[in-house]
Amino acid sequence: MRVFISSDMEGTAGVVDWDQCRPSGSEYGHFRELLEQEVNAAIGGAAAAGAREFLVNDSHSAMSNLRPDRLAGRARYLSGRHKPLYMMQGLDASFDAVFFVSYHGSMSGAPATLSHTYNPRAIAEVRLNGVPTGEAGINALVALGHRVPVVLITGDDVTAAQIEPFCPGIRAAVVKNSVSRFAADSLHPEEAREVIAQNASAAVRGLADARLPAIGLPATLTVRFRNADLAEMATWINGVVREDELTVHVRDDDPVRLYRTFVTIVLLTRGIAE
């Protein structure tokens with residue numbers, strides 16, 4: 001049994017500020033270790049239920065936040081920031097399950113700790129088939145394309161609610177409740193790891209009943225930008241259609257190709273957004 005893990009960082013218990021999850025931050029080292037322990041809790045829980053192979057795709061910031069020698073389960077570690085499939089690089093049909101660990105909510109929804117969707121400087125909102133979505137819903141497109149169920153998400157309560165329309169029945173390990181974008185009520189790290197391990201184990205045990213992401217095809221991603229220049233630049237990509245000054249959409253019957261187009265939009269607009 002093979003498990004693919006996409007690990008972010010903002011959803012880690014105790015993380016509430018950018019300084020805690022950016023390598024330049026004075027507290028980054030400590031919270032990096034807490035993230036690592038949450039990833040290992042997910043691996044440990046899955047292994048206890050019978051999973052034997054793990055691939056961890058480091059999906060936060062420069063994508064080199066974890067220490068390979070400290071990963072549990074002899075997990076493979078996919079790191080580095082130039083990845084064609086970005087947060088979902090490495091997933092293919094040989095996997096049995098997908099875990100999203102330490103994920104965060106969308107900026108356009110209810111207050112969620114450190115909310116954003118890929119690039120907070122450029123993107124104000126993303127909708128998938130008309131429903132507001134964060135990174136988890138967008139990333140589920142790749143899981144659908146490879147026909148692998150997304151069975152676990154860890155993070156705050158808002159993030160857990162936002163993934164449900166796209167992955168009904170997913171196990172959610174809620175390790176903190178968002179108070180605002182920069183405040184949360186977090187479980188103690190030891191308890192957070194216990195919650196994650198328990199849900200990871202239950203998710204693997206329930207794989208026989210797991211469903212693929214509930215995303216109708218052809219699917220449409222609608223992206224609202226922070227300014228008109230960003231929307232104009234996005235239309236340079238084939239298939240991207242302008243809706244108004246700030247909004248574009250792209251539609252495709254291939255969910256992986258749709259995701260790749262979205263990643264291209266993100267990377268192209270990043271230059272002028274920053």
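1. The sheet is open and has seven strands in the order E3-E2-E1-E4-E7-E8-E9, with mixed pairing. Strands here are DSSP runs of E, at least two residues, and helices are runs of H or I, at least four residues, numbered from the N terminus; two strands pair if DSSP finds at least two bridges between them. Strand E3 (76-78) and strand E9 (183-186) are the edges, each pairing on one side only. From one strand to the next, the twist averages 25 degrees.

2. A word on the source: this is a predicted model, where local features need pLDDT of at least 70 and side-chain atom pairs count only at pLDDT 80 or more, while totals for chains, interfaces and linings use all residues. Residues are numbered from 1 along each chain as its sequence is written, and side-chain values use heavy atoms, with hydrogens and water left out.

3. Strands E7 (residues 150-156) and E8 (residues 171-180) run parallel and share five bridges. Aspartate 156 has lysine 176 in E8 as its bridge partner.

4. Now look at serine 102, in strand E4. Is serine 102 buried or exposed? Serine 102 counts as buried because its relative accessibility is 0% (buried means under 20% relative accessible area, exposed over 50%, partly exposed in between, with a 1.4 Å probe and protein chains only).

5. Beyond its neighbours within four places in sequence, serine 102 is in contact (heavy atoms within 4.5 Å) with residues including Asp8, Leu35 and Thr154.

Conventions
Axes are lines fitted to C-alpha atoms, for helices over the stretch in contact, and angles run from 0 to 180 degrees between N-to-C directions.
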